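Okay, thanks for coming, everyone. I've got one chain to walk through today, so let me put it on the screen.

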Amino acid sequence: MNDSVAIIGGGPAGLMAAEVLSGHGVQVDVYDSMSSLGRKFLMAGKSGLNLTHSEPFEKFVSRYGNRKNEVEKWLSDFTPDDLREWARGLGVETFVGTSGRVFPKEMKASPLLRAWLKRLGDAGVNFHLRHRWVGGIIAGDGGGSIIKFETPEDEKTVHADAVILALGGGSWARLGSDGVWVHWLKQAGVKVEALKPSNCGFDVTWSPHFRERFDGQPLKSVVLSFGSFHQQGEFIVTKEGVEGSLIYAASAPLRDEIEANGKAVLELDMTPDRSHEWLVERLSKPRGSRSMSSHLEKTVGLKGVKVGLLHEFMPKEEFSNTERLAAFIKHMPIPLIATRPLDEAISSAGGVMFESLDEHLMLRELPGIFCAGEMLDWEAPTGGYLLTACFASGRKAGNSALAWLKDHQ
Ligand SMILES: Cc1cc2nc3c(=O)[nH]c(=O)nc-3n(C[C@H](O)[C@H](O)[C@H](O)COP(=O)(O)OP(=O)(O)OC[C@H]3O[C@@H](n4cnc5c(N)ncnc54)[C@H](O)[C@@H]3O)c2cc1C
């Protein structure tokens, strides 16, 4: 009889592991608690499906920060170019956008997922939907594992020679990955770093007037600085605070600062193309009977939400001091008091710690059980880095399970 592998979690990581194993004649069963697979992948498709990035490999791997070395091992075997080639194999052509990000030409995930599931089904992979793993894998070294699932009808117990966990992180729980597994793996002696929001928004205590007036307004062409982070981009003011691509990009250090000190103050340059001196010179022109808002618009082109921020955070009495006004325009401090909840984040930081895994992504505490995808303790900004690492780690876990099965026949 063929070796059997149970894969729990049918997102990008789990399905990639299924592809590797089924390609080598292993009997693969994919279990997922939802009624369809790849829900978060499909959600990623709603914003165009940023599959990967075209920048040089060295730069690409640097995006994984202090997990660069671990993630690089998976990416060397499945590079961003390999990922594009793989998509092409499924009939999905990709293109490089102006920012260097790579998208499918159709800018959505459903054609790719449909073709992929068909190919996996044709290769003999069995899909078991509405099967929720409820913890308590019993692993016997070499003897395989016993896994229990809850289904709408009953409880099911299955045996597999090896298991791959690809359960995702803890954001957007309604799409399937609810992070409940953290508790179960900890019970089994696995070291797991608490899941935290990554690529997330933040709370700001706006005044009622500012909140009311500027909720939903974009701040465009600003430079956000925080510690060693400096990047130009845009973000949105929300009722609760701030969100959007530039905020997500800075979210890891901002989150860590809030965790350590209870708050983080980011700094905005609202006129990155204009110097402090230029602003002072222009702002010093006589105001006459003009209101401050119209003076700001006429002299330095500042209006709307940017002027709103000045009124929100700059002491009223300092508006007549052009040096101070220019300083606020170039270094607007915005105090963040908390991250938005994990469920709202694009991805999760934290997860299964690398010290609990061997170099084959096998759990040291549970021989024959491998982990892949966002449930591992790494994080990355948006830009295609999340999906690329999920695919590559799924491949790594699949190949590792294959080698392990060979050694334990
Ligand atoms: C709105 C949004 C947009 C995004 N856009 C992008 C993007 O453009 N580019 C990018 O790189 N990344 C993007 N991401 C992130 C990316 O989608 C995820 O990082 C990726 O899907 C994670 O893959 P995964 O296989 O590890 O986990 P998931 O895709 O989360 O899959 C995990 C699976 O495990 C199942 N599961 C969980 N617990 C159990 C259980 N107990 N029993 C059975 N099954 C279980 C879940 O139902 C789910 O199907 C986006 C995320 C969001 C939320």
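Let's start with the sheet. Strands count as paired here if DSSP finds at least two bridges between them. As one example, Pro-218 has Ile-236 of β15 as its bridge partner.

Quick housekeeping before I go on. This is a predicted model, so local features need pLDDT of at least 70 and side-chain atom pairs count only at pLDDT 80 or more, while totals for chains, interfaces and linings use all residues. Residues are numbered from 1 along each chain as its sequence is written, and side-chain values use heavy atoms, with hydrogens and water left out.

Zooming out, the chain has 15 helices and 21 strands; those are DSSP runs numbered from the N terminus, helices being H or I with at least four residues and strands E with at least two. Along the principal axes, the C-alpha atoms fill a box of roughly 90 × 40 × 40 Å. Of the 409 residues, 52% count as buried. Buried is under 20% relative accessible area, exposed is over 50%, and partly exposed is in between, with a 1.4 Å probe and protein chains only.

Now helix α10, residues 251-261. Which residues are buried there? Ser-251, Leu-254, Arg-255 and Ile-258. They sit on the same side of α10 because they cover an arc of only 100° around the axis, taking the directions from the helix axis to the C-beta atoms. Ala-260 and Asn-261, on the other side of α10, are exposed.

Last stop: Gly-398, in helix α15, residues 385-407. Buried or exposed? Gly-398 is buried, at a relative accessible area of 0%. Leaving out residues up to four places away in sequence, Gly-398 touches Ala-17, Val-20, Leu-21 and Ile-164, where contact means heavy atoms within 4.5 Å. Gly-14 is 384 residues from Gly-398 in sequence, yet their C-alpha atoms are 8.7 Å apart. And for the chain as a whole, 68% of the contacts with a separation of 6 or more come from residues 24 or more positions apart.

That's my tour, so over to you.
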